[in-house]
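I opened this entry to keep track of what I looked up in the model.

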Amino acid sequence: MASSLLVRVASCMVVVWMFSFGHIIPLAEAEIPCGRVQITVAPCIGYLRGSGGGVPAPCCNGVKSINNQAKTIPDRQGVCRCLKSTVLSLPGLNLATLSALPSKCGINLPYKITPTIDCNTVKY
């Protein structure tokens with residue numbers, strides 16, 4: 001019970017942190033603020049810490065929304081950098097689930113999302 005409350009409080013703090021400080025992370029020439037990216041995909045945190053199963057609709061909706069907004073190469077690279085730094089700052093994420101998330105949401109990316117991705121190579 002206490003650990004469940006602790007997870008909820010920690011998740012809430014992550015969302016607050018992402019909203020408060022996410023805009024500080026530079027995106028080069030990209031026009032999508034990192035804070036917006038983080039808030040949009042925040043519904044995925046619980047899913048990415050779980051053992052899989054069905055992706056919650058708010059998570060897929062957020063992933064699809066960011067994918068649709070990132071139309072230019074600088075936008076895509078900026079989103080990549082933002083997500084990479086966010087993933088590295090969130091403990092307990094299932095990396096296999098993270099890597100499979102785009103395809104589970106119906107998005108075909110020509111690369112895998114990992115904490116070691118080189119965002120400078122993202123062109124799609």
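Predicted model: local features only at pLDDT ≥ 70, side-chain atom pairs only at ≥ 80, totals over all residues.

I found P74 in helix α5. I then checked its distance to K123: the two C-alpha atoms are 8.5 Å apart, with a separation of 49 residues in sequence.

Next I looked up the nonpolar core. The largest one holds 24 residues, and I noted L48, V55, V63 and L101 as those with the most contacts inside it. I listed the helices that supply at least two residues each: α2 (34–41), α3 (45–49), α4 (57–69), α5 (73–89) and α6 (95–104). The top contributor to this core is α4, with four residues.

I took V55 as a case to follow up. Leaving out residues up to four places away in sequence, I recorded contacts from V55 to Y47, C60, L101, K104 and C105.

Last, I went through the cavities. I counted one cavity of 30 Å³ or more. The volume of the largest cavity is about 510 Å³. Its lining consists of 30 residues, and those nearest the centre are V41, V63, V79, L83 and I113. Two or more lining residues come from each of α2, α3, α4, α5 and α6. I noted α5 as giving the most to this lining, with seven residues.

Definitions and conventions:
Residues numbered from 1 in each chain as written. Heavy atoms only, no water. Core = buried A, V, L, I, M, F, W, Y, C linked by side-chain atoms within 4.5 Å. Buried < 20%, exposed > 50% of the residue type's maximum accessible area, 1.4 Å probe, protein only. Contact = heavy atoms within 4.5 Å. 1 Å grid on protein atoms, 1.4 Å probe; cavity = no way out; pocket = protein on both sides within 12 Å on 5 of 7 lines; lining within 4 Å. Points joined across faces, edges and corners; volume = space filled by probe spheres on them.
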